Amino acid sequence: MRRLWARVWLRHTALVVLVTALVAVVVITVRDGDGDNGGHLAANRAQLRKACDGALPYEDLKRLVPDGRAGELTQHGTMLEPGQESRSLLHCSLSWGDGYGVTVHAEALVSNVPEGMQTDDLLGTAGADGTYVAPGTTGQYGRRGAWVVAECVGGLRGRVRPTTDLYVAALVTDGEHQGGDSEAEREKRARADRATALTGFRTAVHVANAITKAQGCGGAPLKAPTRVLDTYQRHNDKADRQSERVEEPGRDLRKCGWINSRSLPGLMPGPWTTLGDIEDSGLVSACQGTWDDEAEDNDGTQPRDWQITGVEAASWAGILGRTAYDSYDREGHVPGWGVTQDRGKPSGDGGNGGSGGSGDDGNGGRDRADAQGEDRISSYADDPQLALWARSVCDGRETYHRVSVIPSILIEDGATATLSAKEHAKLSRTARTVLDRYLSAADGWPKSAGCRDTKVLGEVEEWH
């Protein structure tokens, strides 16, 4: 009986050894076929520590590092090779395949920030889903990743022209987030997107701080963000799967509370809702107010033609101010555009000339309307409004302010509407009132930034 049992045991052992060997051969064959033999974790983590001149945040990114494939690194820039002819202080891409990787780009800005900077961009309404901000950080996260700006008081090296402005962009890819379209799957993807956005912001901030430290910029480093907010969130309504509800975290912020019909004569009476940017930045701020025609306490009264049902106010400091002004200039929406040869540069004298150029009394646009009489506005004009620009010094930086009043007007396709000199004068007066109220509001951004020495630059009729 023992001999029989021994023969059975030997056969079983031989079978197990044979199967194990076959499995090992299959695994090795598959890995060799993919060119991926594993065992790369230690080398990949060491590469992550050293890549990009050691500027990457190792603790934030190490979770992305795989064992099964070697990382691929490409990098260049004047910080890596001094004397190199490159716009980049640092450009670095590290990839581990299967949708995992990180790319950073940093440059000393001698021109504008390469991002949208108009009021809609600040509020997150220009893009829709997928735009995130990190409160306390000047920048945004979108389809191309996160971007931030930082200041280098001591000046940045690496460009021919001296500059104190640093721009850093970071794109972190955390695999492919796929799944069904159920509410649970959508929420899961949203959590993953928020995590990726936060990692992107933290990467950009870490790189910015590494550069400013290496260049001896002085000043405090940027604070690493700990959370992100979606500026525009869509959710399925659980009671009605066919409908969606929208959440905007910037609704009814204290800094925008000055926009109401009680404190601003000329606005449509009744309830108003406000929306503000949520960057909580010392360099930029925006508010938008809209008459709420769906409010429960609305008495059903509808606005008449040219009655103001919308208000905007925004401020941009430093290089962001120049970027915003130039962005509106490209659309012909700055004071004096198309009238003076130096169309992109306000004269600073309070408005000599221009499209409704305004002096310190803010009445230039009214004078133009009086002189020319009626103004005709085409149905093809996109969101007609009257804007008023000003310039101040806020926290020691040159700062541009833009406010606008948006009238209610319905124009049939192909038709035109007539704006009388009297109605134009009302828009001008209200725009100036809005500017004064914005600059003086106790909880507003200009007051908190200590804005002073304000000079009104002029009006812009945004319907031509």
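Predicted model: local features only at pLDDT ≥ 70, side-chain atom pairs only at ≥ 80, totals over all residues.
Strand 6 is mostly covered, as nine of its twelve residues are buried.

## The largest nonpolar core

The largest nonpolar core comprises 40 residues, and the members that touch the most others are Leu 48, Leu 56, Val 104, Leu 166, Val 168, Val 207 and Ile 211. Two or more residues come from each of helix 2 (41-54), helix 3 (58-61), strand 2 (90-97), strand 3 (100-108), strand 6 (145-156), strand 7 (163-174) and helix 5 (183-214). Helix 5 makes the greatest contribution, with seven residues.

Val 207 illustrates how parts of the chain meet in this region. With its neighbours within four places in sequence left aside, Val 207 is in contact with Ala 55, Leu 56, Leu 90, Val 104 and Val 168.

An open sheet is built from six strands in the order 11-12-13-16-15-18, with antiparallel pairing. Strand 11 (272-276) and strand 18 (452-462) are the edge strands, each pairing on one side only. On average, and with direction ignored, neighbouring strands of the sheet are turned by 15 degrees against each other.

Inside this sheet, strand 12 (residues 284-291) and strand 13 (residues 308-317) run antiparallel and are connected by seven bridges. Gly 289 has Val 311 of strand 13 as its bridge partner.

## Helices on the sheet

Helix 6 packs on the sheet and touches strand 12, strand 13, strand 15 (385-394) and strand 16 (397-407). The direction of helix 6 makes about 135 degrees with that of strand 13. Ten of the eleven residues of helix 6 (residues 319-329) are buried, and the helix is therefore largely enclosed by the rest of the structure. The buried residues are Ile 319, Leu 320, Gly 321, Thr 323, Ala 324, Tyr 325, Asp 326, Ser 327, Tyr 328 and Asp 329.

Helix 8 (residues 421-440) lies across strand 12, strand 13, strand 15, strand 16 and strand 18. Relative to strand 16, helix 8 runs at about 140 degrees.

## Aromatic pairs

The structure holds nine aromatic pairs. In one of them, the ring centres of Trp 316 and Trp 389 are 5.9 Å apart and the planes are at 20 degrees; because planes under 30 degrees apart count as stacked, this pair is a stacked one. Trp 316 belongs to strand 13 and Trp 389 to strand 15, so the pair ties together parts that are 73 residues apart in sequence. Trp 316 counts as buried because its relative accessibility is 0%, and Trp 389, at 0% relative accessibility, counts as buried too.

Trp 389 also forms an aromatic pair with Tyr 325, in an edge-to-face arrangement with 5.0 Å centre to centre and 75 degrees between the planes. This pair links distant parts of the chain, 64 residues apart, with Tyr 325 in helix 6 and Trp 389 in strand 15. Tyr 325 has a relative accessible area of 1% and is buried. One aromatic cluster consists of Trp 316, Tyr 325, Tyr 328, Trp 389 and Tyr 400.

## The chain overall

The chain contains nine helices and 18 strands. Of its 464 residues, 47% are buried. Among contacts in the chain with a separation of 6 or more, 68% are between residues 24 or more positions apart. The chain exposes about 23700 Å², of which carbon and sulfur atoms supply 49%.

Technical notes. Residues numbered from 1 in each chain as written. Heavy atoms only, no water. Core = buried A, V, L, I, M, F, W, Y, C linked by side-chain atoms within 4.5 Å. Buried < 20%, exposed > 50% of the residue type's maximum accessible area, 1.4 Å probe, protein only. Helix = DSSP H or I, 4+ residues; strand = E, 2+ residues; numbered from the N terminus. Contact = heavy atoms within 4.5 Å. Pairing = 2+ DSSP bridges. Axes fitted to C-alpha atoms, helices over the stretch in contact; angles between N-to-C directions. Areas by Shrake-Rupley, 256 points an atom, 1.4 Å probe, with all protein chains shown as cover. Phe/Tyr/Trp six-rings, centres within 6.5 Å; stacked < 30°, edge-to-face > 60°.
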